[in-house]
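Take a moment with the sequence and the structure below. Then follow the chain piece by piece.

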Amino acid sequence: MSPASACGPRRPLIALVGPTATGKTALAVALAQRLHGDVISADSRQIYRELTIGSAKPSEAEQGGVRHYLLDVASPLERYSAARYRDDALEALRDIDARQRLAIIAGGTGFYLNALLQDGFIPEIAPDETFRASLQDQSDDALYASLLRRDPRRAAQLHPHNRSRVVRALEIIHFSGAPTPQPTASAQTPGAVIWLGLTFDDRDAHRDVIDARIDAMLAAGWLGETEALMARYGPQAHALCATHGYPELMRVAQGEWTLPQAVASIRTQIHQYARRQRTWFRRNGEIHWIARDTMTQDEVLQAALDRLSSAAIV
């Protein structure tokens with residue numbers, strides 16, 4: 001079912017995407033303020049309650065009075081699926097439509113965006129502990145080789161040692177009989193999707209921005225937040241284990257690593273994640289990219305408005 005068939009005809013949607021730390025939240029808020037819109041988050045970490053600093057969740061001030069959907073909707077103990085995101089986001093779209101507002105879907109989790117806005121919906125397949133146990137004696141390399149044979153496109157999107165994601169991909173194949181659906185052309189709906197993307201052409205400049213944000217998050221108390229979450233939910237809580245930075249900081253809290261060791265690992269992980277995001281979104285030829293290397297925030301906003309004007313949004 002497409003968003004339009006679930007919600008009826010609507011104004012065009014804006015999908016604002018791109019790698020981490022490119023300024024998507026600030027632009028989404030600025031567009032919403034200018035165009036009478038609301039923001040639906042498409043960030044797989046910001047949906048978790050209490051993961052605030054480490055997910056770069058926008059503060060009340062950063063939200064700028066704009067209504068945001070799908071922040072803080074899941075417990076850190078839950079596994080929040082793309083199928084659940086699609087259902088929740090469709091409900092948010094219905095609410096936005098009823099209030100005659102413009103929907104701006106903003107975030108960097110391509111899997112969520114594809115589930116909501118593109119054909120090839122990912123089926124809901126619950127985790128199966130028996131199947132996972134059957135794989136536990138296989139090495140990371142063996143599991144990745146199996147995925148590479150059975151679903152090379154999905155394998156290319158994953159790091160060979162990202163064991164949980166590789167196992168999940170194999171689980172989907174095992175129970176659905178088919179590889180993970182891949183992005184296709186946007187669903188043709190009365191409410192078209194206008195895709196905007198933020199990026200840095202200068203990769204070194206982007207790395208510097210990422211590193212500066214990591215430093216700011218640590219200064220804001222990221223380690224203390226991690227310790228508090230560990231105490232409340234335990235170190236095995238899904239959101240803590242699956243979110244960049246928290247596993248490393250848990251090792252600091254447990255005395256296994258020094259903080260500099262953790263920071264070095266976090267930087268590497270997030271740089272790699274940004275690279276994977278770029279690869280994912282570059283497959284979507286509908287995205288109009290804005291390279292923000294030398295732009296001020298006002299210039300970024302104007303570039304986005306110019307594009308939306310040409311698409312008859314403004």
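Is Thr199 buried or exposed? Thr199 is buried, because its relative accessible area is 2%. Here buried means under 20% relative accessible area, exposed means over 50%, and partly exposed is in between (1.4 Å probe, protein chains only). Thr199 lies in strand 5, residues 193–199. Which residues does Thr199 touch, leaving aside its neighbours within four places in sequence? They are Thr22, Arg278, Arg282, Trp289, Ile290, Ala291, Arg292 and Asp293. Contact means heavy atoms within 4.5 Å.

A word on the model comes next. It is predicted, so local features need pLDDT of at least 70 and side-chain atom pairs count only at pLDDT 80 or more, while totals for chains, interfaces and linings use all residues. Residues are numbered from 1 along each chain as its sequence is written, and side-chain values use heavy atoms, with hydrogens and water left out.

Now take the whole chain. It has 15 helices and six strands. Helices (H or I, at least four residues) and strands (E, at least two) are DSSP runs, numbered from the N terminus. Of the 314 residues in the chain, 49% are buried. Take the contacts between residues at least 6 apart in sequence: 75% of them join residues at least 24 apart.

Six strands form an open sheet, and their order is 3-2-4-1-5-6. The pairing is parallel. Two strands pair if DSSP finds at least two bridges between them. Which strands sit at the edges? They are strand 3 (68–69) and strand 6 (288–291), and each pairs on one side only.

Look at strand 2, residues 37–41. Five of its five residues are buried, so strand 2 is largely enclosed by the rest of the structure. In a regular strand the side chains alternate between the two faces of the sheet. In strand 2, Gly37, Val39 and Ser41 point one way, and Asp38 and Ile40 point the other way. Strand 2 has two partners to visit. It pairs with strand 4 in the parallel sense over five bridges. Ser41 stands opposite Ala106 in strand 4. Two bridges join strand 2 to strand 3, also in parallel. There, Val39 has His68 as its bridge partner.

Strand 4 (residues 102–106) also runs parallel to strand 1 (residues 13–17), and three bridges join them. Ala15 is paired with Ile105 of strand 4.

Turn to the helices. Helix 4 covers residues 82–98. How far apart should its ends be? At 1.5 Å a residue, its 17 residues should span 24 Å, and the end C-alpha atoms are 24 Å apart, which agrees. The expected span is 1.5 Å times one less than the number of residues. The buried residues of helix 4 are Ala82, Ala83, Tyr85, Arg86, Ala89, Leu90, Ala92, Leu93 and Ile96. An α-helix has 3.6 residues a turn, so residues three or four places apart point the same way. After helix 4 comes Gln100, with a positive phi near 55°.

Helix 15 passes a similar check. Its 14 residues, 297–310, should span 20 Å, and its end C-alpha atoms are 20 Å apart, which agrees. Val300, Leu301, Ala303, Ala304, Leu305 and Leu308 are buried in helix 15. Their cover includes strand 1, helix 2 (24–35), strand 5 and strand 6. Ala312 follows helix 15, and its phi is positive, near 65°.

How do helix 13 (residues 246–253) and helix 14 (residues 259–282) meet? Their axes come within 9 Å and cross at roughly 170°. Axes are lines fitted to C-alpha atoms, for helices over the stretch in contact, and angles run from 0 to 180 degrees between N-to-C directions. The two helices are therefore roughly antiparallel to each other, a label for angles over 145 degrees. Glu248, Leu249 and Val252 in helix 13 meet Leu259, Ala262, Ser265, Ile266 and Gln269 in helix 14.

Leu249 turns up again in the contacts of Thr226, alongside Tyr246 and Met250, once neighbours within four places in sequence are left aside. Thr226 is found in helix 11, residues 222–233. Thr226 is buried, with a relative accessible area of 0%.

Finish in the loop between helix 14 and strand 6, where Gly285 is found. Gly285 counts as exposed, at 76% relative accessibility. The C-alpha atoms of Gly285 and Trp195 are 9.4 Å apart, although 90 residues separate them along the chain.

Technical notes
Angles under 35 degrees count as roughly parallel, over 145 as roughly antiparallel, 65 to 115 as roughly perpendicular and the rest as oblique.
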